[in-house]
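Here is a briefing on one protein structure. Please look at the sequence and the model first, then read the points below.

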Number of protein chains: 2
Amino acid sequence: MGQLMGGDPSLLRKINQAAVLRALRAAGRGCSLTDLARTTGLSRPTVEGVLDGLARAGLVVETKAAETRAAQSTAADAAGARRLGRPARRFRFRAEAGRLLGVEVGARRISAVLADLAGRRLGEASRGVPPEASAEERLARIEQAARALLGEAGQGAPAPRAVGVGTPGIVGQDGSVALCTALPGWTGLPLGERLRELFGAPVLVENDANAAVLGERWVGAAAGCDDVVMVLAGLSPGAGSLIGGRLHRGHGGAAGEIGALHLLGRQATPERLLATSGTPIDPLDERAVTRVLAAARAGDPRAGEAVARLVERLTHDVAALVLALDPELVVVGGWAAGLDQVVEPLHRELERYCLRAPRVVASALGGGAVATGAVRLALDHLEAELFTVAEVPD
Amino acid sequence: MGQLMGGDPSLLRKINQAAVLRALRAAGRGCSLTDLARTTGLSRPTVEGVLDGLARAGLVVETKAAETRAAQSTAADAAGARRLGRPARRFRFRAEAGRLLGVEVGARRISAVLADLAGRRLGEASRGVPPEASAEERLARIEQAARALLGEAGQGAPAPRAVGVGTPGIVGQDGSVALCTALPGWTGLPLGERLRELFGAPVLVENDANAAVLGERWVGAAAGCDDVVMVLAGLSPGAGSLIGGRLHRGHGGAAGEIGALHLLGRQATPERLLATSGTPIDPLDERAVTRVLAAARAGDPRAGEAVARLVERLTHDVAALVLALDPELVVVGGWAAGLDQVVEPLHRELERYCLRAPRVVASALGGGAVATGAVRLALDHLEAELFTVAEVPD
């Protein structure tokens, strides 16, 4: 253990690079050496060394006078003496130096989001896919949605820097699908490997509910919250959890796969619950749920009863997660996102059953939670990778 | 962030002390400076400095020639040249320099375990207490059990170095009981503070199931396992979880408080389940469960049916935890500990309901799991504290 602290210069360099990159990205338009040294607590030579490495990797550029004149003149007004010297060199992060792709694999739809290296959204695309589609057909739709998006963004579509993917099922550490009951032929698919070949880029595959909770924490309803359970309500419900700010995947990646809970509670399956509304139901068709919810809002008593039972089922699922994990916050997504009919009754029921009930909110990202979380996966990978890339020329 | 790595001499010193203490404790009988320098990777002067500090704090002693003659002569045979020099100085950790106390607070019984500073068991004591006892009566029994034990160990009973406590209910970060439905007057009790005054020592209070999982991981069925759920089966079931080797307490300390799950599943309460056996049941009396289990083993069909329903209830509780957390291992304690009738059916049922079923084993510590875990809590505190104590004279 003593040796661990004996000083690891490469670790120290990575930490310095991370600090400089974060400061640059946070500043947005441009930072002087003095700004960066002050923000990071590093010496000017250290900051210069890190900037050189990042510039050679194409990730940092010295801003032109035109870009920074306004900022400089303001600074100069405040400190007149500087007018006489050479203008301070200023640098900015090149968010346009590459692109990130986030993909949601769904039973009926493939959604893709394109972002720059700062995670800002550049565009989105989606493709319908029949629920009974084979794995190869589904992969082809992923490619179509992604290619359209990468092409639209211009410049002959170079490969993205990283691709994040959210998919139903249990995902192995190597990005393969260990088990998926929702999509035909998906179990056993080396999804990460196939998409790495397709895009020529690193691919991060994650369970869809896990991706969704990352998205909600990044720019959604769970911003700033470290202990979160997100439930993707649907005909095949799943949950993603953050514990201490980190994704809890479980020992075999199956944490939050709560689809079997209603079997244990001997409750009716959701298909049977919905059938009480008199609407014909396709078990994979979330639009059926939407129709029942609309009918309930319009005052149909049978639909109202069906919705009450769906909330009861959801309460049971969420209560099991809350009792096991005791999160600070529960985010409800999937068909229940944004439904006033769901959030309040759910919170009331949790108050009854849980010794300490968490806050309950609806998803802020709605149907976009999984794809947004997939972009965040790509961004996390990029940030880790940038420090290594920047180190190479050093 | 760069400044964090700029070198923290006091952190480095603590890490050095920890390394030396661990090596000394692992060696048991005695270590030479050379041994310690080799094992820890530290220089001889650094090791000597740490030993001086620990010796002044009374935690390390130079072993007498008589204690180490056998070991020395063996070493000397292997390296004849050393016979000519002064015999190497040898040191050992003084586990006898103080004592640790672990306490289990139960509905009908207070159990206490005394251990030395290496965590070795020196003795145990217990006191019965009526389930309806007030908080003050229960505190008095804790004192009686502990005083008997501290007195028995001789030398006019100096205060223990640290006290660990496992109690039903939700425990706050300050060691008070935030909520406890099982013990009268226990909710709101500043348990840690009261026992600190009583023992004149640091007191670490933890939920009983949390203490139990620490005990099983230390010297029980979960040794070497980092992702564990331990269920204390009983009329008021609870669970303790380790995630990545660390206790998962939840945002408000309520993680694993699964007592309400059966209400959600609309299943019969355990009292009603047991009543089907024809045995009169006191809801707080775990001996009632024991009687029904014995009757079932003897072939009583009504008792057999009641046991089947208890296992079904336990399966539901455990499945909810497994689906939420996906642990590597489930340890079953409480009334179900060591029962062949429980572990196998439980595992079979989990295989049916969970996408990835964990291993299921019975508690190795049985009724001693909570008190053993409480000793571990005290030992963890001591280890953290030792490094500070040893630093003072430096």
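Two residues are in contact when they have heavy atoms within 4.5 Å of each other. In chain A, 65% of the contacts with a separation of 6 or more come from residues 24 or more positions apart. This is a predicted model, in which local features need a pLDDT of at least 70, side-chain atom pairs count only at pLDDT 80 or more, and totals for chains, interfaces and linings use all residues; side-chain values use heavy atoms, with hydrogens and water left out. Residues are numbered from 1 along each chain as its sequence is written, while chains are lettered from A and ligands numbered from 1 in the order in which they are written.

**Confidence**

- The pLDDT is the predictor's confidence in each residue, from 0 to 100.
- Chain A has an average pLDDT of 82, and 79% of its residues score at least 70.
- In residues 280-284 of chain A the pLDDT is below 50, and this stretch has 14 contacts in the model beyond near neighbours in sequence.
- Residues 389-394 of chain A also have a pLDDT below 50, with 14 contacts beyond near neighbours in sequence.

**Overall make-up of chain A**

- Helices (H or I, at least four residues) and strands (E, at least two) are DSSP runs, numbered from the N terminus.
- Chain A contains 13 helices and 15 strands.
- Of its 394 residues, 51% count as buried; buried means under 20% relative accessible area, exposed over 50%, and partly exposed in between (1.4 Å probe, protein chains only).

- Two packed helices are described by the angle between their axes and the distance between the axes.
- Axes are lines fitted to C-alpha atoms, for helices over the stretch in contact, and angles run from 0 to 180 degrees between N-to-C directions.
- The axes of α2(A) and α3(A) (residues 44-56) come within 9 Å and cross at roughly 110°.
- The two helices are therefore roughly perpendicular, a label for angles of 65 to 115 degrees; under 35 counts as roughly parallel, over 145 as roughly antiparallel and the rest as oblique.
- Residues of α2(A), including A:Leu33 and A:Leu36, meet residues of α3(A), including A:Val47 and A:Leu51.
- This contact has five nonpolar, two polar and two charged residues; Ala, Val, Leu, Ile, Met, Phe, Trp, Tyr, Cys and Pro count as nonpolar, Asp, Glu, Lys and Arg as charged, and the others, Gly among them, as polar.
- A:Thr39 lies in helix α2 (residues 33-40) and is exposed, at 57% relative accessibility.
- The C-alpha atoms of A:Thr39 and A:Leu24 are 9.7 Å apart, and the two residues are 15 residues apart along the chain.

**Helix α11 across the two chains**

- Helix α11 (residues 301-325) of chain A packs against helix α11 (residues 301-325) of chain B at about 80°, with the axes 9 Å apart.
- This angle makes α11(A) roughly perpendicular to α11(B).
- Among the residues that meet are A:His316 and A:Leu321 in α11(A), and B:His316 and B:Leu321 in α11(B).
- By class, the contact of α11(A) with α11(B) has eight nonpolar, two polar and no charged residues.

**Asp326 in both chains**

- Most residues other than glycine have a negative phi.
- A:Asp326 is not a glycine, yet has a positive phi of about 50°, and B:Asp326 likewise has a positive phi of about 50°.
- A:Asp326 is in the loop between α11 and β14 (329-334) of chain A, and is buried at 1% relative accessible area.
- B:Asp326 lies in the loop between α11 and β14 (329-334) of chain B, and counts as buried at 1% relative accessibility.
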